[in-house]
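Subject: Structure handover

Hello,

Here is the structure I promised to pass on. Please open it first, then read my notes below.

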Amino acid sequence: TIYVVIGSDTDPDRPGFIPGHHAEEGKSWRGMIEGVPRAKEALSKLLDNSGHPPVFTWCLRADYQMHALNGSYSFIMETHRDFLSDLERTGDELAWHPHFWNMDKSSGKWYQEILDVDWQVQMLKDAFAAYSSHFPGRPKSVRMGWDYHNNRTLATLAELGIAVDFSGIPGWKIDPPSGGKGGYNCYDWRITPNSPYYPSRNDYRRPSRAGEEHLSILEAPNFVSTSFFWGTFGGSVMSAKMKNAKPLFRSLSRPTYWIAVTGKRFLFAPLLSKVEKVLARQ
């Protein structure tokens, strides 16, 4: 039996993504309101061996940026409650996708907060309280913005009662910028295994070892391929995107191929091949 989680980050619209549509920062959700039903309809005839169509895990934004732009951490829950409740009635899950966007007041620009961990922890607590006040008992699963975690942020999710985090990308690490504040995609899952585990309190990236305490939250990493060819291909693409050679060099020692949703089927072939190999071993 294979269990597949179809997780989707549910962010506000971004300028330029929908032709002819003006997306006001943080306030326009046409991609969700129109896109979610289309996605569900497109896959409604894809049934499992029990005759059930796919269900989705919609990871909703509730974080400081939503609060700053809209006056409330739970803006999306307040303005689209009926829409979200209807998704739950069809079997979908309402999950959480908090970003650590913070505002540099001197420049007026958003950046990924990675230095002030106290701020990160308090933001998670405040946003969770707002989210669960509208949907009690939820969320139970999380995919972090930009897949970022550290020991304290993952421990905080466990303390809040989150059951599953699926932010991990085994083998991937993106270094923080060398200086200054700016939008950046930074995370570290370099040593993470390609299977679910209960994280060590000492190192969120791996399971606990003998004598170590583990967190109560399950880390269910994104499934990746370890093909050398596709791993180095992914590393070269990431190096070009980040303008940094380190992802390519790291892919040579630990090939890791991971891709988000795309219309190009052949790009999924390495992942499907890896699934078949794992099943054959079991």
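Let me start with a helix pair. Helix α7 (residues 228-242) packs against helix α8 (residues 246-253) at an angle of about 165°, and their axes are 7 Å apart. An angle over 145° counts as roughly antiparallel. So α7 is roughly antiparallel to α8. Their crossing is right-handed. On the α7 side, the contact uses F228, G231, T232, G235, S236, M238 and S239. These meet K246, P247, L248, S251 and L252 in α8. By class, the contact of α7 with α8 holds five nonpolar, six polar and one charged.

Please keep in mind that this is a predicted model.

Next, the pair α5 and α6. Helix α5 covers residues 117-134, and helix α6 covers residues 151-159. Their axes come within 9 Å and cross at roughly 20°. That angle makes α5 roughly parallel to α6. The crossing of α5 past α6 is right-handed. Which residues make the contact? From α5 come V117, D118, Q120, V121, L124 and K125. From α6 come R152, T153, T156 and L157. The residues of this contact divide into four nonpolar, three polar and three charged.

Now the strands. Strand β1 (residues 7-10) and strand β2 (residues 57-60) run parallel. Four bridges join β1 to β2. How does the chain get from β1 to β2? It crosses through helix α1 (residues 30-42). This β-α-β crossover is right-handed. Within the strand pair, S8 stands opposite W58 in β2.

Helix α1 has a helix partner too, namely α4 (residues 81-89). The axes of α1 and α4 come within 12 Å and cross at roughly 15°. Angles under 35° count as roughly parallel. Therefore α1 and α4 are roughly parallel to each other. Is their crossing left-handed or right-handed? The crossing of α1 and α4 is left-handed. In α1, the contact residues are M32, I33, V36, P37 and K40. They meet F83, L84 and L87 in α4. This contact of α1 with α4 has seven nonpolar residues, no polar ones and one charged.

Best wishes

How values were computed. Residues are numbered from 1 along each chain as its sequence is written. This is a predicted model: local features need pLDDT of at least 70, side-chain atom pairs count only at pLDDT 80 or more; totals for chains, interfaces and linings use all residues. Side-chain values use heavy atoms; hydrogens and water are left out. Axes are lines fitted to C-alpha atoms, for helices over the stretch in contact, and angles run from 0 to 180 degrees between N-to-C directions. Helices (H or I, at least four residues) and strands (E, at least two) are DSSP runs, numbered from the N terminus. Angles under 35 degrees count as roughly parallel, over 145 as roughly antiparallel, 65 to 115 as roughly perpendicular and the rest as oblique. A crossing is left-handed if the near helix is turned anticlockwise from the far one by less than a right angle, and right-handed if clockwise. Contact means heavy atoms within 4.5 Å. Ala, Val, Leu, Ile, Met, Phe, Trp, Tyr, Cys and Pro count as nonpolar, Asp, Glu, Lys and Arg as charged, and the others, Gly among them, as polar. Two strands pair if DSSP finds at least two bridges between them. A crossover is right-handed if, with the strands pointing away from the viewer, the path from the first strand over the helix to the second runs clockwise.
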